[in-house]
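This report covers one protein chain, from its overall make-up down to single residues. The sequence and the model come first.

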Amino acid sequence: MSASGPIFRRDLSISRQEADGEVIHVVKDLASERFFRFGAAEWFIIERLDGTTTSEEIGAAAKTEFGEELDPDTLAAFVESLRQRGLIEPPEDAAEDGSRRATAAGAGPQRRRLRGSLLYLRYKVIDPDALLDRMVGRLRFCFTPAFVALSAASILLALGVVLANGAELARDIGDIFTIETLVVAWFVILLTTVLHEFAHGLTCKHFGGKVHEIGVLLLFFNPGLYCNVSDAWLFPEKSRRLWVTFAGSYFEFFLWALSVLVWRVSAPETLFNYIALVVIGTSGIRVLFNFVPLIKLDGYYMLSDWLEIPNLRARAFGYLGSRVKALWSWRRAPRLEVSPRERRIYLTYGVLAFFFSILMLFWIASRIGGFLIENYDGAGFLIFMGLLFLVSRGPFKRLFTRGPGAGLAQNTAGAVSRRVVYSLALGGFVLALIVVRIDMPVSGEFNILPAHNADVRAQVEGLIEEIAVAEGDAVEAGQIIARLAGLEKRAELAKIEAQVRQAQADLRGLKAGPIAQEIAVTRQEMETAKTRLEHARNRYAEYRAINRQKIARAHSGVEKAQEQLRFARLELKRLRPLIDKRLISQKDFSQSQERASVRGKELDEAQADLRVAMADELAEVRQDQAVAEQEIMEAKAKLDVLLAGSRPEDIEAMAAELARLEAERGYVARQLELLVIHSPIDGIVTTAKPQEKIGELVERGDLILEIHEYRTAIGEILISEKDIGEVRLGQEVTLKARAYPGRSFTGVVTAIAATAMAEEEGLKRKVVRVNTEVENGDLALKPEMTGYGKIYVGDRRLIEIVSRRFVRFFRVEFWSWW
């Protein structure tokens, strides 16, 4: 430092803040709009950069203040870093015509409108400071506790509406983006984005900051808007800085809540309903994405302000870069001097943000590269590689180059030995890739299938009377698992068995032939029948004589009655002229009429008696005689049969009848056996709620239960068509089920499908089904379980395993482009 000494610029905006008990100063260069942060020790030095205080005096003051010597080289490096940042007044001889301070204050180099890299590109559109000044006064209500309470209540109410109507809302959102409404949707999205950024700017203005920049942002090739509220770093209160960052997402969340309520109360297919659905479908996802702190969006700036570490991403990556440089530099690379707290933060955030960014870049690159290569083949591949080079050259250049910086210390001790160790390690790694061989695995998702399936079906018609098992029960082959009702079958079987016993007795009688007792009995029966016939004939003769006498008396009575009636009628005929002449009394004439009538009735009775006598009163006697004659004939025929013995034809006929009855009995008995249903295999009952089938009527062939055999389970592995060329029958297989992450199931390849198939509908990736059989004695593997399986296809060098996908890409896809 010269005798006059450097002078720290006095035209800078300075904010004194406290962070974790330490006083820090944030400095803003009004000309370049850059911000700088200094700790207590650094600010102690800056306060003495007034042009009159020498470096010796600064060192002595630092020793008095901090108790340590201040190395002159360290002080000089620090002042030089301030000069490179434009924070030191230029020398007097560099000013012309007294314009030094004017240049420092406002005539410095202007910031370009387009800044950043391909991954984080910004373009300034307008300076909104004057507009925000006019707006902030009219919108003061938005910064009151009442508005915060109202908006928070609206958000909670909207969340309740979404939880209660989630399915309906999802269905409506799925129908909003169509070609006809694309312009309206784009305008609504743009408007909500503008309001989001204005919320940041208005909050910054409300707390006294300046907002000179709103523009267009391209973050990881995704377009958006931004509002530069860097003045918030000058706010001493952390809460204000956090509110500035939180305001945009919170206000957009409030718009989302209002849109949910509008959607709920508005009529479907109206303009308001459609706009509300667009805001719901875009703002909700965007707010959540904004809170991800691993990329430079609202969540990142909130985390940076909360930790009180500005430029957290750059500092974390810088720290990680310094550690990487320290590993590979010929000389020991300068390492950033940071506190233990900052070291933990930089390591944690840097690693997470690095891998998150790599994943995002990989996803974006795969989409862009896939589009270019699919549409332009080789030319598209060259364009994609060019873009990839432009994107990655900056980060790699910063990672593997060294440069000076404030607060850095250098140490070259042991540099050569470190480099030798790293070189040997790298060489050993390359040698291992070439020499070491391991069993290469080919992996894919698997699905558990049973070794055997058994559908238990009804063999006969009937009602299900009993189900003896439940879902998930283990059963053995032959175990009773169900019964059908069989009352009618059992009654039919009993009837047939009685008929069989009768037929068997008859057949035995035919085969044995007649015996003496049977012949004697039959002869006695014939003699008895003859005696009964003789008795019937005697009775017939006796009854016939009596009947003739009755007929004779009846004829005599009829003749007498006819004679008496004739005389009575003659007397009445004689008296009729006399009554006309009144020669006799009326009484005598009436008595004559009465006698004629009585005689007529007596004649009728006599004739009736004659008819009765003439009737066949011997019918019953004749019937007894006929019965006796029939019994004699039957007894004689039976005796003839007995004397003649059994005929072979009768024996054969009876044997045939017995055989028919026994076959019918066997059929019915088999039907009864089929009513009891047995398990055909050892396995597990997989039918859901089998007890509910009790009482159902099943026809022959209807499904009752399903039983799967899982003592040996089949794992069906879906192997990509790109890897199937390595798979062979008999290769070892290891399965890891999601249900048992700590357990492995081993087997061998037993079958490879003959054709490839699409893994999912609409997916270009093809897979081939590969089966393996694994022991499953404890039934741990259940139907339809999933996980990942590895097929060990044989020893390969590490270099072959690492490069095989890359080699296949160039031998197939790359070859097809030209």
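The text below describes a predicted model, starting with whole-chain totals and then turning to local features.

**Overall make-up**

The protein has 818 residues, of which 35% are buried. Its secondary structure comes to 20 helices and 22 strands. Among contacts with a separation of 6 or more, 75% are between residues 24 or more positions apart. The accessible surface of the protein is about 49000 Å², and carbon and sulfur atoms hold 59% of that area.

**Accessibility of selected residues**

| Residue | Relative accessible area | Class |
|---|---|---|
| Glutamate 213 | 3% | buried |
| Leucine 426 | 46% | partly exposed |
| Lysine 689 | 56% | exposed |
| Glutamate 775 | 61% | exposed |

The classes follow from two cut-offs: buried means under 20% and exposed means over 50%, with partly exposed in between. Leucine 426 is therefore partly exposed, because its 46% falls between these limits. Glutamate 213 counts as buried because its 3% is under 20%.

**Glutamate 213 and its partner**

Glutamate 213 is located in a loop that runs between helix 8 (182-206) and strand 6 (214-219). Which side chain does the side chain of glutamate 213 meet in a polar contact? The partner is the side chain of tyrosine 226, at 2.2 Å.

**Helix 11 and the residue after it**

Helix 11 spans residues 298-307, and its buried residues are Asp298, Gly299, Tyr300, Ser304, Asp305 and Leu307. Glutamate 308 follows helix 11 and has a positive phi, near 60°.

A positive phi is also found at lysine 689, where the value is near 50° in a residue other than glycine. Lysine 689 sits in the loop between strand 15 (683-685) and strand 16 (697-698). With a relative accessible area of 56%, lysine 689 is exposed.

**A nonpolar surface patch**

Leu426, Phe429, Val430, Leu431, Ile434, Val435, Val436 and Ile438 make a nonpolar surface patch of about 700 Å². Which element supplies the largest share of the patch? Helix 14 (residues 415-435) does, with six residues. Leucine 426 is in helix 14, and its relative accessibility is 46%.

**Strands 18, 19 and 21**

Strand 18 (residues 732-737) and strand 19 (residues 745-752) run antiparallel and are joined by four bridges. Within this pairing, threonine 734 stands opposite threonine 746 of strand 19. Strand 19 is also joined to strand 21 by five bridges, and these two strands run antiparallel as well. Here alanine 751 has asparagine 771, in strand 21, as its bridge partner.

Glutamate 775 belongs to strand 21 (residues 766-775). Its relative accessible area of 61% makes glutamate 775 exposed, because the cut-off for exposed is over 50%. Which residues does glutamate 775 touch, leaving aside those up to four places away in sequence? They are Arg711, Thr712 and Phe745. The C-alpha atom of glutamate 775 is 7.7 Å from that of glycine 747, although the two residues are 28 residues apart along the chain.

Notes: Residues numbered from 1 in each chain as written. Predicted model: local features only at pLDDT ≥ 70, side-chain atom pairs only at ≥ 80, totals over all residues. Heavy atoms only, no water. Buried < 20%, exposed > 50% of the residue type's maximum accessible area, 1.4 Å probe, protein only. Polar contact = N/O pair within 3.5 Å; in protein donor to acceptor, adjacent residues only side chain to side chain. Contact = heavy atoms within 4.5 Å. Areas by Shrake-Rupley, 256 points an atom, 1.4 Å probe, with all protein chains shown as cover. Patch = residues over 30% accessible without salt bridge, like charges linked within 9 Å, V, L, I, M, F, W, Y side chains within 5 Å. Salt bridge = Lys/Arg side-chain N within 4 Å of Asp/Glu carboxyl O. Pairing = 2+ DSSP bridges.
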